[in-house]
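Here is a short note for a colleague opening this model for the first time. Please read the points with the structure in view.

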Amino acid sequence: MTTNPDKPDGAAAVVADGFGLKGPRGWVFRGITFEAAPGSLVAIEGPSGSGRTCLLLALSGRMKPTEGHAEVAGLRLPRKMAAVRRISALGPVPGVSDLDPALTVAEHLRERALLQRRFDGSLKMLLRSPAERRATARARIDTALAAAGLDLDTLEKGERTSVRDLERLEALRLSVALALIGRPRLLAVDDTDLKLSDADRAEAWELLRSVAASGITVLAVCSEAPKDALRISPTATATATPAPAAPVSRAKHARPEPAAGPAAATSGTAKAAKDIKAVPVTPVTKTTKVAEAPAPAEPATPPTAEGDAAAETTTTTTEKRDADALAEACRA
């Protein structure tokens, strides 16, 4: 496999070992290790804010890593970042390679063809006649549009359709076509499945599979990767550095806690008693507390006149009943 960046033909193998990037607020991603064969479909999977876009830009030579290393077509990162940029291309990456909504599809295509000829054209290409250069540029554009599956005749106004009038999937196809004009060996696509329906998402992945099958290694950022892709998750593979333990605030006369064990417990108790003796005690006026006498038992309810009268009535009634019974017996 050739590693000459001036030869764009052929896919690029991507290898990472302990790849990491640290920003002002900490690690963006860390510990990324994988190996992708040439022509692979690599899905960088994770939620938004997990460092997936930064990983995509670092693997394509657009961001300088902090630790570890990676190789793209044998070009080592971060040492060969410029060479990796020459053999890679960016699809849609928000804030980096956005489409201009005010331009038409044809204007975007012509602009990219001119830039390609200006910065990546060989000396032999520059010596050709203007007609030959235009024909070569037109052939590259047609090839890129066919590979991206974008038919200009199906658009509302053809090639004069403004970018702002494109559907999400159509804009994705246009971005991929613009990237393929330069015949890259590595294609990096961000937000592959963003704001796409299930049917459009399936078409987007089918597009990237066809690009990979043509011999171009594809790196695609997504929230949910297809089963046939090589999955890389920055949140799963990154290893955060544990934060140092916060210093424990201790009092001026504090002592470390004793080790476990009976002897240590005895020593700790004695030391604690010693510390207590060393602490000055503020004198307090001593007061004698008189013990409260237990409450006396409640006396029995004293007899009352009404109770005596009731008792006498009961006795009289009983005696009268006995006398009547005796008299009845005598008469019998």
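1. Start on the outside of a helix. On H5, the exposed residues Thr-143 and Ala-146 sit on the face turned away from the buried side. Exposed means over 50% relative accessible area, buried under 20%, and partly exposed in between, with a 1.4 Å probe and protein chains only.

2. A word on the source. This is a predicted model, in which local features need pLDDT of at least 70 and side-chain atom pairs count only at pLDDT 80 or more, while totals for chains, interfaces and linings use all residues. Residues are numbered from 1 along each chain as its sequence is written, and side-chain values use heavy atoms, leaving out hydrogens and water.

3. Which residues of H5 are buried? They are Arg-133, Ile-141, Ala-144, Leu-145 and Ala-148. Seen down the axis of H5, the buried residues fall within an arc of 105°, so they line one face of the helix. The arc is taken from the directions from the helix axis to the C-beta atoms.

4. The length of H5 agrees with expectation: its 19 residues (130–148) should span 27 Å at 1.5 Å a residue, and its end C-alpha atoms are 27 Å apart. The expected span is 1.5 Å times one less than the number of residues. Just after H5, Gly-149 has a positive phi of about 70°.

5. Now the whole protein. It has 10 helices and nine strands. Helices (H or I, at least four residues) and strands (E, at least two) are DSSP runs, numbered from the N terminus. Of the 332 residues, 34% count as buried.

6. Next, a sheet. Four strands form an open, antiparallel sheet in the order S2-S1-S4-S5. Its edge strands are S2 (26–36) and S5 (75–77), each pairing on one side only. Two strands pair if DSSP finds at least two bridges between them.

7. Look at the pairings. S1 and S2 are antiparallel over seven bridges, and they form a hairpin with two residues between them. Phe-19 stands opposite Ile-32 in S2. S4 (residues 67–72) and S5 are antiparallel over three bridges. Here Ala-70 stands opposite Leu-77 in S5.

8. What packs on this sheet? Helix H1 (residues 52–59) does, touching S1 (14–23), S2, S4 and S5. Contact means heavy atoms within 4.5 Å. The direction of H1 makes about 55° with that of S2. Axes are lines fitted to C-alpha atoms, for helices over the stretch in contact, and angles run from 0 to 180 degrees between N-to-C directions.
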